[in-house]
Amino acid sequence: MNDAQGVEQDADQGLSAKEIRKRRRREPPPDPQPLPGLVDAHTHLAACGGRTREAVAEIVDRAEAVGVSQVVTVADDIVDARWAVAAAHWDRRVFAAVGLHPTHAADLNEANRAELEQMVADDRVVAVGETGLDYYWTTRSDTCADPATQKDVFAWHIDLAKRSGKPLMIHNREADRDLLDVLAAEGSPETVIMHCFSGDAEIARECVDRGYLLSFAGTVSFVNAGPLREAASLTPEAQLLVETDAPFLTPHPYRGQPNQSYCLPYTARALAEVRGVSAEDLAVALGANARRAYGLPLQ
Ligand SMILES: [Zn+2]
Ligand SMILES: [Zn+2]
């Protein structure tokens with residue numbers, strides 16, 4: 001090796017630690033060992049690139065190959081809701097949830113109301129949401145709906161869930177107390193799913209007592225997730241769900257990399273470890289819980 005090459009290689013290596021980390025962030029995690037029986041209780045197929053029949057099939061094929069046989073794709077806004085319903089009609093393994101995310105609550109107008117009501121009546125739509133309260137973004141984004149608007153629109157979604165008889169899928173970020181208070185004041189629908197549960201043991205206990213389902217995402221596998229793991233370990237198995245919330249919240253050790261439904265077994269295994277049970281048994285129970293909650297066929 002001559003000097004010139006040595007310098008070039010050093011320069012490469014100097015770049016490469018940073019470059020490797022950067023590349024790693026863009027790279028999807030490897031396929032996990034299969035874990036049969038699972039249902040992804042909450043994902044965003046359109047945001048994962050699933051905007052055509054073929055792209056949706058590709059995402060769900062990859063998930064099915066590792067044991068995730070069905071997915072519920074969730075809307076953030078009205079355009080996303082149309083994608084979710086389309087995906088659920090394209091692929092028999094996909095079901096939809098429609099609603100306006102609390103950050104988009106200000107979008108609710110007469111036309112959107114009518115369209116959402118019509119969508120909810122669709123057989124392939126299995127839940128209303130995601131809806132709820134997000135106080136994280138109210139102070140960080142100019143376009144985020146204010147808390148009062150969020151509460152009004154949340155109440156409208158609660159009523160829609162009750163009228164349609166479909167589960168209510170809740171998004172909650174930094175709004176634990178207000179969220180539980182609105183639900184208590186309005187009266188909970190029969191099935192309430194706390195998606196990406198983020199509370200501590202005390203909030204978990206209150207949700208469990210109210211009969212809600214707690215759905216855990218990749219966050220439960222994060223190294224600093226102590227209180228969340230406590231919540232996951234006290235939730236009765238019958239009230240437990242697992243989800244990816246893809247493309248966000250990729251489980252440990254792939255945090256920050258792109259997430260998809262095929263990554264669900266990583267989180268299910270983390271959940272099994274927290275609860276000290278077999279991952280195989282828990283996966284079957286989690287899948288059965290999701291099918292029961294959303295009324296999905298066994299397929
Ligand atoms: Zn959410
Ligand atoms: Zn979500």
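Let me start with a definition: a residue counts as buried if 20 or more other C-beta atoms lie within 10 Å of its own, as exposed if 12 or fewer do, and as partly exposed in between, with C-beta atoms placed from the backbone.

Hello everyone. What we have here is a predicted model, so local features need a pLDDT of at least 70, side-chain atom pairs count only at pLDDT 80 or more, and totals for chains, interfaces and linings use all residues. Residues are numbered from 1 along each chain as its sequence is written, while chains are lettered from A and ligands numbered from 1 in the order in which they are written.

Confidence comes next. pLDDT is the predictor's confidence in each residue, from 0 to 100. The chain averages 93, and 94% of the residues score at least 70. Over residues 1–12 the pLDDT is below 50, and that stretch has 1 contact in the model beyond near neighbours in sequence. By contact I mean two residues whose C-beta atoms, placed from the backbone, lie within 7 Å.

Now the overall fold. The chain has 10 helices and 8 strands; these are DSSP runs, H or I of at least four residues for helices and E of at least two for strands, numbered from the N terminus. The radius of gyration is 20 Å, close to the 19 Å that the globule rule gives for 299 residues, so the chain is as compact as a globular protein of that length. That radius is taken over C-alpha atoms, and the rule is 2.2 Å times the number of residues to the power 0.38. Along the principal axes, the C-alpha atoms fill a box of roughly 75 × 45 × 40 Å. Buried residues make up 47% of the 299. Of the contacts with a separation of 6 or more, 73% are between residues 24 or more positions apart.

What about the inside? A nonpolar core here is a set of buried Ala, Val, Leu, Ile, Met, Phe, Trp, Tyr and Cys residues joined through C-beta atoms within 7 Å. The largest one has 89 residues, and A84, A96, A97, V98, I193, L214 and L241 touch the most other members. Helix α3, residues 78–90, gives the largest share of this core, with 7 residues. Look at L214 for a moment: leaving aside neighbours within four places in sequence, its contacts include M194, F197, C207 and L241.

Let's turn to helix α2, residues 53–65. Its 13 residues, at 1.5 Å each, should span 18 Å, and its end C-alpha atoms are 18 Å apart, which agrees. The expected span is 1.5 Å times one less than the number of residues. Which residues of α2 are buried? They are V56, I59, V60 and A63. These cover an arc of only 90° around the axis, which puts them on the same side of α2; the arc is that of the directions from the helix axis to the C-beta atoms. In general, an α-helix has 3.6 residues a turn, so residues three or four places apart point the same way. On the other side of α2, E54, D61 and A65 are exposed. The buried residues pack against β1, β2, α3, β3 and α9. Just after the helix, G67 takes a positive phi of about 100°.

Finally, some backbone details to look up on screen. The peptide bond from A246 to P247 is cis, with omega near 15°, and another cis bond joins H252 and P253, with omega about 0°. P247 sits in the loop between β8 and α9, and P253 lies in the loop between β8 and α9 too.

Two non-glycine residues have positive phi as well. E174 has a phi of about 55°; E174 sits in the loop between β5 and α6 and is partly exposed, with 14 other C-beta atoms within 10 Å. For C196, phi is near 45°. C196 lies in the loop between β6 and α7. Is C196 buried or exposed? C196 is buried, because 23 other C-beta atoms lie within 10 Å.
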